[in-house]
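Let's take a walk through a protein fold together. Have the sequence and the 3D view open, and follow along as we go from helices to rings.

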Amino acid sequence: MMNRFPIKGLFLSAVLIFPLLLTACDQDSPDISRLHIPGPDFQADTQKGKKLFSANCMKCHGVGARGTDKGPPLVHATYRPGHHGDMVFHFAVSRGAKQHHWYFGDMPPITNLSPENVGNIIAYVRLQQKRAGIR
């Protein structure tokens, strides 16, 4: 039997992201900042990401993104790149996220982080996932 979870994750990501892409592209020259993602020349830095994660995310998501009683572990198969792509993380930070996999409540938007800072945090989380064998 075919595993439907990757397809479901891709479909859900498309459903969530497509309207945002349309909104961002409704002008003659789209403004990438409306998507809250880094520009095309961005190079992620996992060391910066670790510092930013510690300052902004660790309170809820724990040391090494392993979770706490306030927020889920990001080093978990649920947050693997094929299920929750980087754009989902960008949107969760900029817009907040409704509770849907865990019972910690909704995640509020984190408004003090630039798209580049979020990109660095994502790179750090992805490195932690890779080290844990999550791909």
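Are H2 and H5 roughly parallel or roughly perpendicular to each other?

What you see is a predicted model, where local features need pLDDT of at least 70 and side-chain atom pairs count only at pLDDT 80 or more, while totals for chains, interfaces and linings use all residues. Residues are numbered from 1 along each chain as its sequence is written, and side-chain values use heavy atoms, with hydrogens and water left out.

**The overall layout**

The protein has five helices and zero strands, so its elements run α-α-α-α-α from the N terminus on. Helices (H or I, at least four residues) and strands (E, at least two) are DSSP runs, numbered from the N terminus. Of the 135 residues, 33% count as buried. Buried means under 20% relative accessible area, exposed means over 50%, and partly exposed is in between (1.4 Å probe, protein chains only). Now for contacts, meaning heavy atoms within 4.5 Å: among those with a separation of 6 or more, 60% are between residues 24 or more positions apart.

**Two helices that cross**

Back to the opening question. Helix H2 (residues 46-56) and helix H5 (residues 115-131) pack at an angle of about 100°, with their axes 7 Å apart. Axes here are lines fitted to C-alpha atoms, for helices over the stretch in contact, and angles run from 0 to 180 degrees between N-to-C directions. H2 and H5 are therefore roughly perpendicular to each other. The cut-offs: under 35 degrees is roughly parallel, over 145 roughly antiparallel, 65 to 115 roughly perpendicular, and the rest oblique.

Who meets whom? On the H2 side you'll find Thr46, Lys48, Gly49, Lys50, Leu52 and Phe53, and they meet Asn117, Asn120, Ile121, Ala123, Tyr124, Val125 and Leu127 of H5. Sorted by class, this contact has seven nonpolar, four polar and two charged residues. (Ala, Val, Leu, Ile, Met, Phe, Trp, Tyr, Cys and Pro count as nonpolar, Asp, Glu, Lys and Arg as charged, and the others, Gly among them, as polar.)

**The nonpolar core**

In soluble globular proteins, nonpolar side chains tend to be buried together. A nonpolar core is a set of buried Ala, Val, Leu, Ile, Met, Phe, Trp, Tyr and Cys residues joined through side-chain atoms within 4.5 Å. Of the 16 residues in the largest core here, Phe53, Ala65, Leu74, Leu113, Ile121 and Val125 touch the most other members. H2, H4 and H5 each supply at least two residues of this core, and the largest share, five residues, comes from H5.

Let's pick out some of those members. Val125 touches Phe53, Ala65 and Leu74, not counting residues up to four places away in sequence. Ala65 sits in the loop between H3 and H4 and has a positive phi of about 65° although it is not a glycine. Most residues other than glycine have a negative phi. Leu113 lies in the loop between H4 and H5. Leaving out residues up to four places away in sequence, Leu113 touches His36, Leu52, Asn56, Val93, Val118 and Ile121.

| Residue | Relative accessibility | Class |
|---|---|---|
| Ala65 | 0% | buried |
| Leu113 | 6% | buried |
| Gln128 | 11% | buried |
| Trp102 | 23% | partly exposed |
| Met58 | 28% | partly exposed |
| Phe104 | 33% | partly exposed |

Gln128 belongs to helix H5 and, leaving aside neighbours within four places in sequence, is in contact with Gly64 and Val75.

**Rings in pairs**

How many aromatic pairs does the structure hold? There are three. Rings of Phe, Tyr and Trp (its six-membered ring) pair if their centres lie within 6.5 Å; planes under 30 degrees apart count as stacked, over 60 as edge-to-face and the rest as tilted. The rings of Tyr79 and Phe89 have centres 6.2 Å apart and planes at 55°, so this pair is tilted. Tyr79 lies in the loop between helix H3 (58-61) and helix H4 (86-95) and Phe89 in helix H4, so the pair ties together parts 10 residues apart in sequence. Both Tyr79 and Phe89 are buried. Trp102 and Phe104 form another tilted pair, 6.5 Å centre to centre with 45° between the planes.
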